[in-house]
Amino acid sequence: MNKGSRTHVFAVGLERFQQADPGAVEYAADSVKALAEIWGGFGVDAEDRSVLINEEATKTTVESRLRRLPKTTGNGDTIVFAYAGRATEVADRTLLHTHDTQPEDLEFTALDLEDVLRSLARCR
């Protein structure tokens, strides 16, 4: 890392979903919490670690955090994004489920991985 640069951790863990889902995603919440704690052990400040778990991880909340992230990052900063939960492939798109994803309306209620990656790329 560059001297003076910071690391930012944004982790999303979903074991439970608003709509019925074909089984829980075991240990997703614990996994992202542990990841954030590990980065804390490497000196990443608590203010630079954002973790959304289950009900906190709605599409609106995740998108809002992604939009605000470039305002808190600087040149040379490192961003760690982690997602533990369900994903679905639809027409060559990877859709990440959020707590409020509607299975019958995936394309509009889940997060498109490409959109997430574009948001993270704006943090340069």
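Predicted model: local features only at pLDDT ≥ 70, side-chain atom pairs only at ≥ 80, totals over all residues.

Biologist: Why is R49 called partly exposed?

Modeller: R49 has a relative accessibility of 26%. Buried means under 20% and exposed means over 50%, so R49, at 26%, counts as partly exposed. R49 lies in strand 2, which covers residues 49–53.

Biologist: What makes V44 a polar contact of R49?

Modeller: A polar atom of the R49 side chain lies 3.0 Å from the backbone oxygen of V44. The cut-off for such a pair is 3.5 Å, and 3.0 Å is within it, so the pair qualifies. Leaving aside neighbours within four places in sequence, R49 is in contact with V9, A36, E37, W39, G40 and V44. L106 is 57 residues away from R49 in sequence, and their C-alpha atoms are 28 Å apart in space.

Biologist: Is T73 buried or exposed, and how do you know?

Modeller: T73 has a relative accessible area of 14%. The limit for buried is under 20%, so T73 is buried. T73 is found in the loop between helix 2 and strand 3.

Biologist: Which residues does T73 touch, leaving aside its neighbours within four places in sequence?

Modeller: With those neighbours left out, T73 is in contact with H8, I79 and C123.

Biologist: What makes strand 4 and strand 6 the edges of their sheet?

Modeller: The sheet is open, with three strands in the order 4-5-6 and antiparallel pairing. Strand 4 and strand 6 each have a single partner strand, so one side of each is left without a neighbour in the sheet.

Biologist: Now the pockets. What lines the largest pocket?

Modeller: The largest pocket has a volume of about 240 Å³. Its lining comprises 15 residues, with H8, E47, S50, L69 and T72 nearest the centre. Strand 1 (7–13), strand 2, helix 2 (59–72) and strand 3 (78–84) each give two or more residues to that lining. Helix 2 gives the most, with four residues. By class, the lining of the largest pocket has six nonpolar, three polar and six charged residues.

Biologist: And which residues lie nearest the centre of the second largest pocket?

Modeller: E63, L111, D112, D115 and V116 do, out of 13 lining residues. The second largest pocket holds about 160 Å³ of space. At least two lining residues come from each of helix 2, strand 6 (111–112) and helix 4 (113–121). Helix 2 supplies the largest share of this lining, four residues.

Biologist: How does the lining of the second largest pocket divide?

Modeller: The lining of the second largest pocket divides into four nonpolar residues, one polar and eight charged.

Conventions. Residues numbered from 1 in each chain as written. Heavy atoms only, no water. Buried < 20%, exposed > 50% of the residue type's maximum accessible area, 1.4 Å probe, protein only. Contact = heavy atoms within 4.5 Å. Polar contact = N/O pair within 3.5 Å; in protein donor to acceptor, adjacent residues only side chain to side chain. 1 Å grid on protein atoms, 1.4 Å probe; cavity = no way out; pocket = protein on both sides within 12 Å on 5 of 7 lines; lining within 4 Å. Points joined across faces, edges and corners; volume = space filled by probe spheres on them. Nonpolar A, V, L, I, M, F, W, Y, C, P; charged D, E, K, R; others polar. Pairing = 2+ DSSP bridges.
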